[in-house]
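Subject: Handing over the structure, with notes

Dear colleague,

Please find the structure below, followed by an account of what was found in it. I would be glad if you read the notes with the model open beside them.

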Amino acid sequence: MAISINFRGDVRSKEANQVAQWIKANNKVTFVDWCPTGFKIGLNDEPPVRIEGDDIADSPRNVVMIANNVAVSRVFSQRLVAKFDLMYSQRAFVHWYVGEGMEEGEFSEAREDLGFLEKDYLD
């Protein structure tokens with residue numbers, strides 16, 4: 001659904017954008033319709049620090065990629081949706097939201113949105 005690529009060291013924005021375009025062009029990832037770009041690119045000019053006694057080789061640059069995947073769908077189905085349903089069935093905290101101006105119909109809309117989000121991760 002979305003990817004964060006964070007570069008550190010001697011990396012220019014042109015190179016970072018080329019990496020993102022390569023990932024898209026070679027169909028390495030699939031994005032949902034409502035997230036057209038799907039990439040967040042971070043650049044940090046400071047080179048990685050080498051720690052004395054560490055086995056990792058010294059490098060002028062490095063990159064880390066964090067991406068969503070279908071395993072996240074369990075968070076929605078087993079945690080968020082289940083807890084929302086449980087709390088709303090008991091009407092827990094509803095009076096606080098209504099007292100602050102929220103309408104009861106917005107809870108149904110929020111539940112539908114959670115269902116759509118869960119479905120996006122399953123697809």
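For the residue classes used below, Ala, Val, Leu, Ile, Met, Phe, Trp, Tyr, Cys and Pro count as nonpolar, Asp, Glu, Lys and Arg as charged, and the others, Gly among them, as polar. By these classes, the lining of the second largest pocket has 5 nonpolar, 2 polar and 4 charged residues. Among the lining residues are Pro-48, Val-49, Arg-50, Asp-54, Ser-59 and Asn-62, and the space in this pocket comes to about 160 Å³. A pocket here is an open set of points, on a 1 Å grid over the protein atoms alone, where a 1.4 Å probe fits, with protein on both sides within 12 Å along at least five of seven lines, and lining residues have an atom within 4 Å of a point. The volume is the space filled by probe spheres set on the points, which are joined across faces, edges and corners.

Please bear in mind that this is a predicted model, in which local features need pLDDT of at least 70 and side-chain atom pairs count only at pLDDT 80 or more, while totals for chains, interfaces and linings use all residues. Residues are numbered from 1 along each chain as its sequence is written, and side-chain values use heavy atoms, with hydrogens and water left out.

Turning to the helices, these are DSSP runs (H or I, at least four residues), as strands are (E, at least two), both numbered from the N terminus. Helix α4 covers residues 105–122, and its 18 residues should span 26 Å at 1.5 Å a residue, which agrees with the 26 Å between its end C-alpha atoms; the expected span is 1.5 Å times one less than the number of residues. The buried residues of α4 are Phe-107, Leu-114, Glu-118 and Tyr-121, where buried means under 20% relative accessible area, exposed over 50% and partly exposed in between, with a 1.4 Å probe and protein chains only. These four cover an arc of only 60° around the axis, so they lie on the same side of α4, the arc being that of the directions from the helix axis to the C-beta atoms.

The whole structure holds 3 aromatic pairs, a pair being rings of Phe, Tyr or Trp (its six-membered ring) with centres within 6.5 Å, and planes under 30 degrees apart counting as stacked, over 60 as edge-to-face and the rest as tilted. Phe-84 and Tyr-88 are stacked, at 6.0 Å centre to centre with 20° between the planes, and, being 4 residues apart in helix α2 (residues 73–89), they are separated by about one helical turn. Tyr-88 is also stacked with Phe-107, at 5.3 Å and 25°; because Tyr-88 lies in α2 and Phe-107 in α4, this pair ties together parts that are 19 residues apart in sequence. Tyr-88 is partly exposed at 26% relative accessible area, whereas Phe-107 is buried at 9%. Phe-84, Tyr-88, Tyr-97 and Phe-107 form one aromatic cluster.

Lastly, the loop between α2 and α3 (94–99) contains Arg-91, which has a positive phi of about 60° although it is not a glycine. Phe-93, in the loop between α2 and α3, likewise has a positive phi, of about 65°.

With kind regards
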